[in-house]
Amino acid sequence: MNSRIVLRSLVTSDGCLTAMDDGMIIWRPTHGRRQQTKVESMATVLLAFKSNNNRINSIVVGDNRGGIIHLSIPSLEVINRFSLEGESIRSICSASESTHRLLVACQSGSIWMVGDQVPSRKVHLFHNDGPVTSIRVSNKEIHLQSGWKRRVIDFTGCELSYHDTSDKFKKKDEIRAIRRARLLETQQHNSSYPTTITHDSVTA
């Protein structure tokens, strides 16, 4: 009986990439033979790269133990490996138009750059307050999503903008609280005002 669980999947016009809970990485091309390989830890991130002809030619897999592995498509042969020990990878994006430098966001909030063209193959850039949900680069700026919070940061770690989308929900809660308080005050000062009776559930 096959009890493996799909952890991550990536569906493209070229094929489907699947990461299983036993470390198996499976590539099912739209045309051609299925390929598979096994990584040491459970995948947490899948990222695909396209060639100049707009076809997927490689993927990057991040795992829950800080491993980052670059695999070719379709053969799934290892192109490169990196390791951020003690971390769990949450999001990966390209720091340039090629795959020579990658930005990596971790569960701890640490943001790293890895690559053969990076000093010592990895360098810690800065720390975000909380896990990063997604990361991308646009116009040489790093865009971070962390729950309800969005930040734009330059490569030195200087914050360019910040937006907390939960603020609008907080304002709605404040408005509701004010309305409830006014209603309660009206009920207390006007005995003819209809009141709402709350029935507690009783278990026999």
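Me: Before I count anything, what do the words helix and strand stand for in this predicted model?

Reply: Helices and strands are DSSP runs, of at least four residues in state H or I for a helix and at least two in state E for a strand, numbered from the N terminus. Read in that way, the protein chain of this predicted model has 1 helix and 16 strands.

Me: How should I read the pairing of strands, and which strands form an open sheet?

Reply: Strands of a sheet pair through backbone hydrogen bonds, and the pairing is either parallel or antiparallel. Here 4 strands form an open sheet, in the order β13-β14-β15-β16, with antiparallel pairing. At the edges stand β13 (134-138) and β16 (159-164), and because each has a single partner strand, one side of each is left without a neighbour in the sheet. From one strand to the next, the twist averages 15 degrees. Within this sheet, β14 (residues 141-146) and β15 (residues 149-153) run antiparallel and are joined by 5 bridges, and Ser146 stands opposite Lys149 in β15.

Me: How many residues of strand β11 are buried, and what lies on its two faces?

Reply: Strand β11 (residues 110-114) is mostly covered, since 5 of its 5 residues are buried. Ser110, Trp112 and Val114 lie on one side, while Ile111 and Met113 lie on the other, and both of these faces are covered. For the protein chain as a whole, buried residues make up 36% of the 204 residues.

Me: Which strands pair with β11?

Reply: Strand β10 (residues 102-106) runs antiparallel to β11 and is joined to it by 4 bridges, with Leu102 opposite Val114 in β11. The hairpin of β10 and β11 has 3 residues between the strands, and in this hairpin Gly109 takes a positive phi near 100 degrees. Strand β12 (residues 122-127) also pairs with β11 in the antiparallel sense, over 5 bridges, and His124 in β12 is the bridge partner of Trp112.

Key
Residues are numbered from 1 along each chain as its sequence is written. This is a predicted model: local features need pLDDT of at least 70, side-chain atom pairs count only at pLDDT 80 or more; totals for chains, interfaces and linings use all residues. Side-chain values use heavy atoms; hydrogens and water are left out. Buried means under 20% relative accessible area, exposed over 50%, partly exposed in between (1.4 Å probe, protein chains only). Two strands pair if DSSP finds at least two bridges between them. Axes are lines fitted to C-alpha atoms, for helices over the stretch in contact, and angles run from 0 to 180 degrees between N-to-C directions.
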